[in-house]
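Look through the sequence and the structure first, then read the notes below.

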Amino acid sequence: MAESIPHEGVSRRTLSSETLLVLALSLGASAVSALISFIGSLTKPGGLKDQAATLNGSYAPGRPWLDLSWQLFGIATALVPVALVAHLLMRERASLRTLGLDRTRPWQDLGRGTLVAAGIGSAGLAFYLVARATGFNLTVVPESLPEVWWKFPVLILSALQNSLVEEVIVVGYLLRRLGQLGWTPMAALVASSVLRGSYHLYQGIGGFIGNMVMGVVFVLLYRRWGRVGPLVVAHALLDIGAFVGYALLAGKVDWLPTP
């Protein structure tokens, strides 16, 4: 899809600085954190599959109300970069609707997102199991929350937060800015997909490769549809399936790895 020309008065240097700052406050920082975590896992005695990476854990064990407060605080603050992107888009008389995040095509977005999630989910699970079995991945623990009434609502909110942050910033916003900065479509695709893989490095080599491939697919679909809406739906469904599915199946089926 064609990228918009920067709004009058906004220099290329400003766009570059803005993009770096948005990433530094969100998934760019997560990529650096994931790299440090991965180095720690590699240098720790034992194989990667003997270590665990927990995605949704308790912040205050034994204190459910305090724990809930921290969970909601973490979800809310993680969405601030999305609000920042919306604010910055307003400067060029655009909005999140420009990226295809709105309610104009709810059923189309839901249908496309569901199909994408079904295809990627099955392939992704198989890839993870193989990567872990061959020692290229840590054991991923999607959730380790206590058995309290807010467990599943928080897991769903966490999935929605992940999907909004990643698809708005790594696909919609980043591709728009890189296009405005003169990057070629292929260079922008590589940057977006490598970034997506990088902030999943804490899971291991498998997490990096699997998410990088997913990033390529998502960029191509975004360029075809011109909307991040279906990608947000797909990502949310994938994460809900992983978080809730693990909560329901961990320790009850032989094929699902647990620490």
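A contact here means heavy atoms within 4.5 Å. The model is predicted, and its mean pLDDT is 95.

**Confidence**
- In this chain, 97% of the residues reach a pLDDT of 70 or more.
- Residues 1–5 are an exception to note, as pLDDT stays under 50 there.
- For residues 1–5 the model has ten contacts beyond four places in sequence.
- Where pLDDT is low, the predicted coordinates should not be read in detail.

**Overall fold**
- Nine helices and two strands are found in the chain, and along the sequence they follow the pattern α-α-β-α-α-α-β-α-α-α-α.
- The radius of gyration is 19 Å, close to the 18 Å given by the globule rule for 259 residues, so the chain is as compact as a globular protein of that length.
- Taken along the principal axes, the box filled by the C-alpha atoms is roughly 55 × 35 × 30 Å.
- Of the 259 residues, 44% are buried.
- Among contacts with a separation of 6 or more, 78% are between residues 24 or more positions apart.

**Asp239**
- Asp239 lies in helix H9, which covers residues 229–249.
- Asp239 is buried but has no salt bridge.
- The nearest side chain of opposite charge to Asp239 is that of Arg196, 8.6 Å away.
- The side chains of Asp239 and Asn162 are joined by a polar contact of 3.2 Å.

Methods
Residues numbered from 1 in each chain as written. Predicted model: local features only at pLDDT ≥ 70, side-chain atom pairs only at ≥ 80, totals over all residues. Heavy atoms only, no water. pLDDT = per-residue confidence, 0-100. Helix = DSSP H or I, 4+ residues; strand = E, 2+ residues; numbered from the N terminus. Buried < 20%, exposed > 50% of the residue type's maximum accessible area, 1.4 Å probe, protein only. Lys, Arg positive; Asp, Glu negative; His and termini not counted. Salt bridge = Lys/Arg side-chain N within 4 Å of Asp/Glu carboxyl O. Polar contact = N/O pair within 3.5 Å; in protein donor to acceptor, adjacent residues only side chain to side chain. Rg over C-alpha atoms; globule rule 2.2 N^0.38 Å.
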